[in-house]
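Please read the points below with the sequence and the model side by side. They go from the terms to the whole chain and then to single residues.

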Amino acid sequence: MFTFTGIVSKKGAIDRETNDTVVLEIVATDNGVPSLNSSVKLLVDVLDFNDNAPTFVNTSYSQHVQENATEGQHVIHVSAVDIDEGVNSLVTYSFKSGDFGNFSINGTTVKCLCIKSF
Ligand SMILES: [Ca+2]
Ligand SMILES: [Ca+2]
């Protein structure tokens, strides 16, 4: 805080995921003799920035599927969490690589489905 203007500015790193509210007490002091002062509390809400990637609950997943599994059969439910807030924490799922031609993944409910009978 600048001594003469009362302007409060950010100086160091703040992390909403660690502390989403900061309470500061500010004192105003005059130059009289004797010096007098009063204080006020400032409540700062820290808004979210998308600074965290989603992380999967498990580091890897493994599942068996019968070769005669029927089309649409549930294979596995994978889950990832994102510690940001609001839209910054919403997670969708898709295949990145691999032989996924016979599988589908629901982008929001994260169920893999066999889409062809083996
Ligand atoms: Ca995020
Ligand atoms: Ca964040």
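1. Two residues are in contact if their C-beta atoms, placed from the backbone, lie within 7 Å. By that rule, residues 24 or more positions apart account for 53% of the contacts in the protein with a separation of 6 or more.

2. This is a predicted model, in which local features need pLDDT of at least 70 and side-chain atom pairs count only at pLDDT 80 or more, while totals for chains, interfaces and linings use all residues. Residues are numbered from 1 along each chain as its sequence is written, and chains are lettered from A and ligands numbered from 1 in the order in which they are written.

3. Helices (H or I, at least four residues) and strands (E, at least two) are DSSP runs, numbered from the N terminus. The protein has zero helices and seven strands, and its pattern along the sequence reads β-β-β-β-β-β-β.

4. Strands pair if DSSP finds at least two bridges between them; E1 (residues 21-29) and E2 run antiparallel and are joined by nine bridges, with Val23 standing opposite Leu43 in E2.

5. Leaving aside neighbours within four places in sequence, Glu17 is in contact with Asn52 and Ile83; Glu17 and Asn52 are 35 residues apart in sequence and 9.3 Å apart in space, C-alpha to C-alpha.
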